[in-house]
Amino acid sequence: MPAKRLKPCQCGLCTESTQGDFAPGHDQKLRIHLEKAAGGLLQLKNLLESVQAPEHVINRQLVAYNARDLVAWIGTYASDAIQKTLSGEVLAKGHAALRARMKARMADPALHAKLLKRSVMGQVVVDHEVVTETGPNGIEHMEMVCVYLVEDGVIRSATFHRSV
């Protein structure tokens with residue numbers, strides 16, 4: 001029987017090796033360390049909730065978009081998320097379709113979204129942006145309104161309207 005492969009403990013507080021993610025008891029060491037660093041359990045809970053707040057999710061999505069980081073960008077979307085136009089045309093549904101839709105766009109070195117204004121109402125985030133990309137006639141700038149529904153820390157749906 002082959003020996004089980006050891007890997008470094010993921011607690012970040014030691015140099016021990018383990019077969020799982022943590023050396024025995026180190027998951028609790030990490031929890032205690034994070035709780036102390038945040039200023040207490042309630043503050044840690046509030047910090048985690050703020051990271052999942054709709055505005056923060058959309059900001060991470062925008063940063064990943066502008067970095068043209070397809071993996072990070074997809075990670076802000078739910079696995080069954082839908083993108084559509086304001087008129088209801090479905091652009092993509094699910095990670096595979098989102099990836100296929102965005103792969104070529106993210107290869108465009110000119111791709112960039114400049115946030116002009118953001119409004120947040122509960123789980124809905126509305127961004128007014130100017131998007132720059134390479135089009136058939138060279139560099140193009142288009143004004144867009146993007147309406148995102150964020151649930152459980154991920155984008156469930158995105159609806160787009162662009163200037164004509």
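**Exercise 1. Find which helices and strands each supply at least two residues of the lining of the largest pocket, then describe that pocket.**

Step 1. Helix H3 (54-66), helix H5 (95-106), strand E3 (77-85), strand E6 (124-135), strand E7 (138-151) and strand E8 (154-162) each give at least two lining residues. Helices (H or I, at least four residues) and strands (E, at least two) are DSSP runs, numbered from the N terminus. A pocket is an open set of points on a 1 Å grid over the protein atoms alone, where a 1.4 Å probe fits, with protein on both sides within 12 Å along at least five of seven lines; lining residues have an atom within 4 Å of a point.

Step 2. This is a predicted model: local features need pLDDT of at least 70, side-chain atom pairs need pLDDT 80 or more, and totals for chains, interfaces and linings use all residues. Residues are numbered from 1 along each chain as its sequence is written, and side-chain values use heavy atoms, without hydrogens and water.

Step 3. E7 gives the largest share of the lining, four residues.

Step 4. The volume of the largest pocket is about 290 Å³. Its lining has 22 residues; closest to the centre are Tyr65, Arg101, Arg105, Met144 and Phe160.

**Exercise 2. State how many aromatic pairs there are, and describe each one.**

Step 1. Rings of Phe, Tyr and Trp (its six-membered ring) pair if their centres lie within 6.5 Å; planes under 30 degrees apart are stacked, over 60 edge-to-face, the rest tilted. The count is two.

Step 2. Trp73 and Tyr77 make a tilted pair, 4.7 Å centre to centre with 50 degrees between the planes. Both are buried (under 20% relative accessible area, with exposed over 50% and partly exposed in between; 1.4 Å probe, protein chains only).

Step 3. Tyr148 and Phe160 make an edge-to-face pair, 6.3 Å centre to centre with 80 degrees between the planes. Tyr148 is in E7 and Phe160 in E8, so this pair ties together parts 12 residues apart in sequence.

Step 4. Tyr148 is buried at 2% relative accessibility. Phe160 is buried at 13%.

**Exercise 3. Trace the strand partners of E3.**

Step 1. Two strands pair if DSSP finds at least two bridges between them. E3 and E8 run parallel, joined by five bridges. Gln83 stands opposite Ala158 in E8.

Step 2. E3 pairs with strand E4 (residues 90-93) in the antiparallel sense, over three bridges. Here Lys84 stands opposite Val90.

Step 3. E3 and E4 form a hairpin with four residues between them. In the turn, Gly88 has a positive phi of about 105 degrees.

Key. Points joined across faces, edges and corners; volume = space filled by probe spheres on them.
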